[in-house]
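Hi,

Here is the model I promised to pass on. Have a look at it first, and then read my notes below.

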Amino acid sequence: MATATRQIKAKSAPAEDVMKHPLEDLIRTERIPHIWCPGCGIGTVFSACLSAIQQTGIDYGKFSMVSGIGCSGRGAGYVRLDSFHTTHGRAIPFATGIKMADPSVNVIVFSGDGDLFAIGGNHFIHAARRNMDITVICINNFIYGMTGGQVAATTPHMAKSATTPYGNPDSPFNLPMLAIASGATYVARWTMIHSRDLTNAFVEAINHRGFSFIEVLSPCPINYARRNKIKTMDMVRQFQNNTIIKNHADPSEMDIDFQKGVVLGKFIDIDRPTPDEILAGMRAQRNNS
Amino acid sequence: MEPKVLTGEHFINGDTACAEGAIAAGCTFFGAYPITPATEVAERMAERLPDLGGVFIQMEDEIAAITSILGAAWTGAKTMTATSGPGFSLMMETVGLAVVTETPCVVVNVQRGGPSTGLPTMGAQADMMQARWGSHGDYEIIAIAPSSPQEMFDLTILAFNLSETYRVPVFIMSDEVVGHMSEKVVIPKESKIKTVSRPRPSGRKDRFKPYKPGPNGVPPMPTIGEGYNVHVTGLTHDEQGYPVMSVDTQKEMMTRLLGKIRNNLNDIIRTEAYLLEDADIVIVSYGVSARTSYTAVDMLRETGIRAGLLRLITVWPFPEDQIRELAKKVKGFVTVEINMGQISREVERCAGSRVPSYLVGHAGGTVITPDAVIQKIKEVF
């Protein structure tokens, strides 16, 4: 009898909610498989971002995702939202246009370190200065992945890349320090293995009024790790073992040095008026006068 | 507070008239970066837009300025930016994004002497080829050349209407002289101003294909938050808007993008003929140089030379057929423009070997005098 019962269970179709991917309503499933390489961390960060969108409970119609160019920049192409894959470095001014023209939209910029901090660096500091109410997610994989592993503004000093075959002579940005100095009002850093903290940070960042920035450290197995003779799993282990969670750390401690230990956490979460609020206030004042 | 449309007679400069034309056309978002001699457009917009519920934002550079207006356009807003040569150069990559994503927007270039920093406070018409070819790849855009502050008002409205109709960036190729000269500008009643808005989608949102063309080749454009969940990319894309890296998709997309303009030339091209019917010699001109050319035609007629003027109101797409037709019956062409030969090359190309074609131009910094035009015509014909 027990056997018969089991057979009946096996024949009946699994409940619909079991078959469905929990993020299916937010993914353009017809565009899968994605382009990200095996071992790449972007997918994990992307999932955390979509989970965060779900967890906010905000109507999906009130979200828009904007990306620049690069591996992370493909994020906008996989999310089932009004999504924009723009020019290299220009996701932030595109997002700024959306936000100022329709402040009801929650605009998420999902892009990489090369896009946001080399070619797009000027836009980043100015959007932070303005406290533009957008959420900027930077996946920092320390390299230009899509073009084949050239040195980035985040590549560690003396690391090898396709364009620094003898080692990177330059020093990388300390991104949280840059964000805080520029005027960002929410700044956090996590790695792709801290998916729960990351998701929580994304939820906080989306709900935060003002410019929020999350740096997410992520491995690029093909174009960074391999060239620098680092095993991808060792890099991921460093994310686990050589990181220190220290909320509200001093920005000068936030440089990336896995020997010393990389500081993670929420560094700043403050309130400051946003440009759309200020404009609305100005209009109201002029209407009343 | 001032109303949206400032109906009445004004004595204002071309830049200010341009801003008023934009507002009358329904522009509610202006992204700016200061640059001489276009700054007055931004200053006027900064003063006017907040009271009208619109947005003025001064961005960190011209790349950001034009990119911001594309983002804003996808919220349903009519958007504009204004610049001059150096800023126009910086905007070029994003012009391509606007073309390929079919994002309507208006870009004003109040031209000054170039190249590089050039003559910031002095006029030129030397960005005409850049307007046509400045971004990479093949594409079609629309460019309009106003000759007076009144036209800065009227043609800015036209620019918005064409941009919305065809979902292409439209350039207003003004120049320092027209931008800074003050003249009478008559602004009609709001009810008399014809404005056009982009085609809008209807029907099932889950089956919507954002790049499936409508009857004139232009797809309807949704806005963020309507539930169409569109993906918009600068990559070569199919009707769904999804990137497809293939020869066939590239061909299909490019054919339609070019066709939107090339198949609607009669609706887009605007020229003005002055004493052309019996003309032996045709002056082709646009913008401030057209003003010179009217006078030159009159003076030449007084001396018995049958000159006429073809004024290009829209410079791009170029009125090829009109020039080819004229070439069959006239002695030759003279193109009057403040550069070292740009539109004159187009005239020469269309005139072919049938009749000669000459340039009256100079390197920039001042207008061309009617005497220079007359002297050239007397010399070569």
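Which residue stands opposite B:M80 in β4(B)? B:F30 does.

Before the rest, some housekeeping. This is a predicted model, where local features need pLDDT of at least 70 and side-chain atom pairs count only at pLDDT 80 or more, while totals for chains, interfaces and linings use all residues. Residues are numbered from 1 along each chain as its sequence is written, and chains are lettered from A and ligands numbered from 1 in the order in which they are written.

Back to that strand. Helices (H or I, at least four residues) and strands (E, at least two) are DSSP runs, numbered from the N terminus, and two strands pair if DSSP finds at least two bridges between them. β4(B) pairs with β2(B) over three bridges, in the parallel sense, and with β5(B) over four, also parallel. On the β5(B) side, B:M80 has B:V106 opposite. Six of the six residues of β4(B) are buried (20 or more other C-beta atoms within 10 Å of the residue's own, with C-beta atoms placed from the backbone; 12 or fewer would be exposed, in between partly exposed). B:K78, B:M80 and B:A82 point one way, and B:T79, B:T81 and B:T83 the other. In a regular strand the side chains alternate between the two faces of the sheet.

β4(B) is also one of the elements that the buried residues of α2(B) pack against; the others are β1, α1, β2, β3 and β5 of chain B. Those buried residues are B:E40, B:V41, B:A42, B:R44, B:M45 and B:R48.

Now the domains of chain B (bounds come from an automatic or database assignment). Domain 1 covers 8-192 and domain 2 covers 271-380, and their C-alpha centres are 26 Å apart. Domain 1 puts 25 residues into the contact and domain 2 puts in 21, with contact meaning C-beta atoms, placed from the backbone, within 7 Å. On the domain 1 side, α5(B) has the largest share, four residues. That side divides into 17 nonpolar, five polar and three charged residues (Ala, Val, Leu, Ile, Met, Phe, Trp, Tyr, Cys and Pro are nonpolar; Asp, Glu, Lys and Arg charged; the others, Gly among them, polar).

What about the two chains together? In chain B, 37 residues are in contact with 31 of chain A. α3(B) gives the most to the chain B side, eight residues, and the classes there are 20 nonpolar, 13 polar and four charged. Strand β2 of chain A (82-85) runs parallel to β10(B), joined by three bridges, with A:F84 opposite B:V232.

Leaving aside neighbours within four places in sequence, the contacts of B:I144 include B:L155, B:F171 and B:I313.

Finally, chain A has 11 helices and eight strands, and 49% of its 289 residues count as buried. A compact globule with 289 residues would have a radius of gyration near 19 Å, so the 21 Å of chain A agrees (taken over C-alpha atoms; the rule is 2.2 Å times the number of residues to the power 0.38).

Cheers

Methods:
Contact = placed C-beta atoms within 7 Å.
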